Amino acid sequence: MAKYIDKDELSRMSEYIEKLRARCDVFEAEYGRRPRALCETHGCQQNENDTERIRGMLRDAGYEFCTDANEADLVVFNTCAVRENAEDKVFGRIGILKHIKERRPHMMIVLCGCMVQQEHITERIKKVHSHIDLIFGTHALYRMPELLYKAYQSRKTVVDIENSPGAIAEDIPIMRDAAHKAWVSVMYGCNNFCAYCIVPYVRGRERSRTPERILDEVRALAADGVSEISLLGQNVNSYGKDLDEQIDFAELLRRVNEIDGVERIRFMTSHPKDFSDRLIDAMAECEKVCPQLHLPAQAGSNKVLADMNRRYTREQYLEKLNKAKSKIPNLALSTDIIVGFPTEAQEDFEQTVTLLQEAEFDSIFSFIYSRREGTPAAKLESVLSPEQIHANFDRMLKVQNEISRRKNEAYVGRICRILVDGESKTDKTMMTGRTDTAKIVNFPGDKALTGKYIDVKITKAQTWSLYGEYLRKE
Ligand code: 5AD
Ligand code: SF4
């Protein structure tokens, strides 16, 4: 059973939140306004969820929030380490902040999350970027109030990237992004050690929250009017393996399904090797669990899958996918694909293309392999040249876009129930929402519909989204 951070330690953090609040009061007396914090998230939903906690702690400490670094008194970057380009982006942002800090010397800059959990990165930042005030890793998130308070008192960069097997901190304040949907972490960490992946090194070992805590959180959210719950974990199929109680993810889904006020349940991510019949049955039988499955395949060639340490074959993957398709009507499928894993030869890549054609995913998240220091694959030389890898990547996208568009076109004419998310970010004249299959639907409508379930008639399909007409109830 995972270790929980004890109550005394958490109340010590509450005291630091009060100390920070006193600092904010002094700031207000001097500047005539509350200090403003900018929180930026890089990476996955787990990071988004962590940033919601960072914002919760800062809100309780008396900060206001802004979106422009030129106006910020505190900047927090919650970073990602999964691919090199995510790290490059943060280094770019750090460079820009250096210039802003020259004009605003009181500005406090904080880096946290997966990227800085890696010692070689933190060493580089300390050496080259002395304008960073505080660095803390994924295990120290709950200690942010104490660390921030200390950073205000120190002239040197404060660093806390202590590695730990990982404990769970409950009841950290949280400020959620949306009022109608929420992420709920069911477990943290990963034990799979896929050959290319940094996650197990920066997020620690798998540890599950107890069902009571998860269900209490979902009940409280539902009581607050949150109707869509996304259960989060790097590998939700391992849920419960480390608990004393006999429970697996399928059973957890069934229990969440019983909570009044919850209308939709989603989850991610499932590892194909542990994706079980029990889970397929739970998805098929629980009416609130959305017909949507994200099952990362990563590659279509058995040789590459073995080299990646994925522990399933292409045939096993497709068999599970087909079983899910046959038991869950109207199931929408998505996957992750890596192109250019070092041992991937041209004939292996062709197997990825045929996998996409056979599986017919609604959408894919595709990535060019990125070498991650400290992972087993980092020692391997690439079989293909960067030019060949890029050409393969482009060709794969073409194949997939055609499939995605075809699958979306099948929606035209249908009436779909969507949960309205709000104004479309790309087209301000449109509202946007999602079907139970997670398809984005844009439609002309009123902002007041945000957070409501409405029926729309689908009128047009594009590769990544649908357009519809709001069907008003008479
Ligand atoms: N290079 C490219 N993509 C990666 N992913 C994880 N590690 C790497 C890497 N080193 C992808 C996988 C995973 C997704 C979250 O990111 O496809 O499922
Ligand atoms: Fe990374 Fe594999 Fe764990 Fe996913 S299952 S987080 S790809 S090691």
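# Close-up views of a predicted model

The structure holds one cavity of 30 Å³ or more, and this structure, like every view described below, belongs to a predicted model rather than to an experiment.

**View 1. The largest cavity and the residues around it.** The largest cavity has a volume of about 40 Å³. Its lining is made up of Asp50, Asn78, Cys112, Gly113, Phe136, Gly137, Thr138 and Leu141. Sorted by class, this lining of the largest cavity contains three nonpolar, four polar and one charged residues.

**View 2. The second largest pocket and its lining.** Helix 2, which runs over residues 45-60, is the element that gives the most to the lining of the second largest pocket, with three residues. When the lining of the second largest pocket is divided by class, 10 residues are nonpolar, six are polar and 10 are charged. Both domain 1 (7-160) and domain 2 (178-284) supply at least three residues each to the lining of this second largest pocket.

**View 3. The domains of the chain, with domain 2 and domain 4 in focus.** The domain assignment divides the protein chain into domain 1 (7-160), domain 2 (178-284), domain 3 (291-409) and domain 4 (415-470). Between the C-alpha centres of domain 2 and domain 4 there is a distance of 27 Å, and the contact between these two domains takes seven residues from domain 2 and 13 residues from domain 4.

View 4. The largest nonpolar core has 72 residues, of which Leu231, Phe249, Leu253, Phe267 and Met283 touch the most other members. At least three residues of this core come from each of domain 2 (178-284) and domain 3 (291-409). Apart from this core lies another one, of 31 residues, including Cys39, Ile54, Met57 and Leu141. Leaving aside residues up to four places away in sequence, leucine 253 touches Leu231, Ile265, Phe267, Leu279, Ala282, Met283, Cys286 and Val289. As background for this view, nonpolar side chains in soluble globular proteins tend to be buried together.

**View 5. Leucine 356 in helix 12.** Leucine 356 has its place in helix 12, which spans residues 346-359. Leucine 356 counts as buried because its relative accessibility is 0%, where buried means under 20%. If residues up to four places away in sequence are not counted, leucine 356 touches Ile337, Phe361, Ile364, Met396, Gln400 and Ile403. Leucine 356 and histidine 106 are 250 residues apart in sequence, and their C-alpha atoms are 52 Å apart in space.

**View 6. Asparagine 392 in helix 13.** Asparagine 392 lies in helix 13, formed by residues 386-409. With a relative accessible area of 5%, asparagine 392 is buried. The residues that asparagine 392 touches, not counting those up to four places away in sequence, are Val339, Gln346, Phe349 and Leu384.

View 7. A cis peptide bond, with omega of about 5°, joins methionine 268 and threonine 269, and threonine 269 is placed in the loop between strand 11 (264-268) and helix 9 (277-285). Although glutamine 298 is not a glycine, its phi is positive, at about 75°. Glutamine 298 is found in the loop between strand 12 (292-294) and helix 10 (302-307), and it is buried, with a relative accessible area of 8%. Asparagine 309 is likewise a residue other than glycine with a positive phi, in this case near 65°, and it lies in the loop between helix 10 and helix 11 (314-327). Asparagine 309 counts as partly exposed, because its relative accessibility of 30% falls between the limits of 20% and 50%.

**View 8. Proline 329 in a loop.** Proline 329 is found in the loop between helix 11 and strand 13 (332-339). At 66% relative accessibility, proline 329 counts as exposed, since exposed means over 50%. The C-alpha atoms of proline 329 and leucine 471 are separated by 24 Å, and these two residues are 142 residues apart along the chain.

Notes
Residues numbered from 1 in each chain as written. Chains lettered and ligands numbered in written order. Predicted model: local features only at pLDDT ≥ 70, side-chain atom pairs only at ≥ 80, totals over all residues. Heavy atoms only, no water. Helix = DSSP H or I, 4+ residues; strand = E, 2+ residues; numbered from the N terminus. Nonpolar A, V, L, I, M, F, W, Y, C, P; charged D, E, K, R; others polar. Domains from an automatic or database assignment. Core = buried A, V, L, I, M, F, W, Y, C linked by side-chain atoms within 4.5 Å. Buried < 20%, exposed > 50% of the residue type's maximum accessible area, 1.4 Å probe, protein only. Contact = heavy atoms within 4.5 Å. 1 Å grid on protein atoms, 1.4 Å probe; cavity = no way out; pocket = protein on both sides within 12 Å on 5 of 7 lines; lining within 4 Å. Points joined across faces, edges and corners; volume = space filled by probe spheres on them.
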